[in-house]
Amino acid sequence: MHELSVVNNILKIVERVCEENNAKKVLKINIKINPYSCLDEENLNFIFSSITKEKEIYKDTKIEVKRSLNPSEREYIVENIEIEV
Amino acid sequence: MFKVIKVEESIFEENKKIAEEVKDILEKNKVFSFNVMGAPGSGKTLFIEKTIEILKEEFKFGVIEGDIEGTFDAERFKRFDIPVVQINTGGGCHLDANMVKNGILNLPLEKIEILFIENVGNLVCPAEFEIGTEKNIVVSSITEGENKVSKYPLMFKVSHICILNKIDLLPYIEFDIEKFKKEIKQISPDTYFIKLSSKTGENFSEWIEYLKGLKREKK
């Protein structure tokens, strides 16, 4: 269930980035997490699209989760965001 | 036009900031704090109760109880006449730093030396959220099965101490303690392992001595 908190926090970051860059569309959000985390990509995408379904800018957004040893134990990092401007 | 915007920002940035605040507040008040995590029914509450029962003359305790609903666990501490705060997450599967901050602000911290924060029973989500405690404890019981470490690695990785509870049931349950210990060593070499029974008190003194040692180090 913590996917909901995660999605809300992702959205805060993404909204800010979109505003700064005048994004018309968000295509992809690339996330890096440590290999021990229980975070499900499919579930994350499902929650993301449920929360943002009213918003045109997120219509084609996909979240991609990459597992890497670099982030410290409890860290999820938004690596980059692919947008259309 | 298509653009890739580099962000490199932690999703838990806000939670981390508040966790630092919690840590500062607790340190300023000289409160030694534990985040007690584990599956529902692993025996977190009884473990805390037993610890307080044994050490209540020696240390001043405080408890924060995190549950989805109800005050059932908080009621159990009433008999000790210590400050207890119940946090209801209202459906949330873990405590986050902000809830804990509100919790500690409702406690007389100057009257507390050791604070136990019992997280929501869950082996997944609480492991992801720092709440600003000094030490993390995972209470695992032999009735849960011996494969918990490989199934929930992050929980064991973030825990400084692993309590293997309910060892009084060993005659009835197949559980390879050495295998369990080995798996913890592999994933988290620094996690301190103690097996005990909160119910019968078997080997509980090892934990009590360890806790006293931690407290001495802190001084």
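Two residues are in contact if their C-beta atoms, placed from the backbone, lie within 7 Å. The structure shown is a predicted model, in which local features need pLDDT of at least 70 and side-chain atom pairs count only at pLDDT 80 or more, while totals for chains, interfaces and linings use all residues. Residues are numbered from 1 along each chain as its sequence is written, and chains are lettered from A, with ligands numbered from 1, in the order in which they are written.

**View 1. The fold of chain A.** Residues 24 or more positions apart make up 85% of the contacts in chain A that have a separation of 6 or more. Chain A has 2 helices and 3 strands, which follow the order α-β-α-β-β from the N terminus on; helices (H or I, at least four residues) and strands (E, at least two) are DSSP runs, numbered from the N terminus. The C-alpha trace of chain A spans about 35 × 25 × 15 Å along its principal axes. Of its 85 residues, 32% count as buried, where buried means that 20 or more other C-beta atoms lie within 10 Å of the residue's own, exposed means 12 or fewer, and partly exposed lies in between, with C-beta atoms placed from the backbone.

**View 2. Confidence along chain A.** The pLDDT, which is the predictor's confidence in each residue, from 0 to 100, averages 89 in chain A, and 92% of the residues score at least 70. Among the elements of chain A, confidence is lowest in helix α1 (residues 3-21), at a mean of 92, and highest in strand β1 (residues 25-33), at 95.

**View 3. Where chain B touches chain A.** The contact takes 23 residues from chain B and 24 residues from chain A. On the side of chain B, β1 (2-10) and α6 (153-158) are the elements that give two or more residues, and the largest share, 9 residues, comes from β1(B). Strand β3 (residues 76-84) of chain A is joined to β1(B) by 7 bridges, and the two run antiparallel; strands pair if DSSP finds at least two bridges between them. Within this pairing, I77(A) stands opposite S10(B).

**View 4. Two loop residues of chain B with positive phi.** Most residues other than glycine have a negative phi. D81(B), which is not a glycine, has a positive phi of about 55°, and its place is in the loop between α3 (72-75) and β4 (84-88) of chain B. D81(B) counts as exposed because it has 8 C-beta neighbours inside 10 Å. N203(B), in the loop between β8 (192-195) and α8 (204-218) of chain B, has a positive phi near 60°, and N203(B) is partly exposed, with 14 other C-beta atoms within 10 Å.
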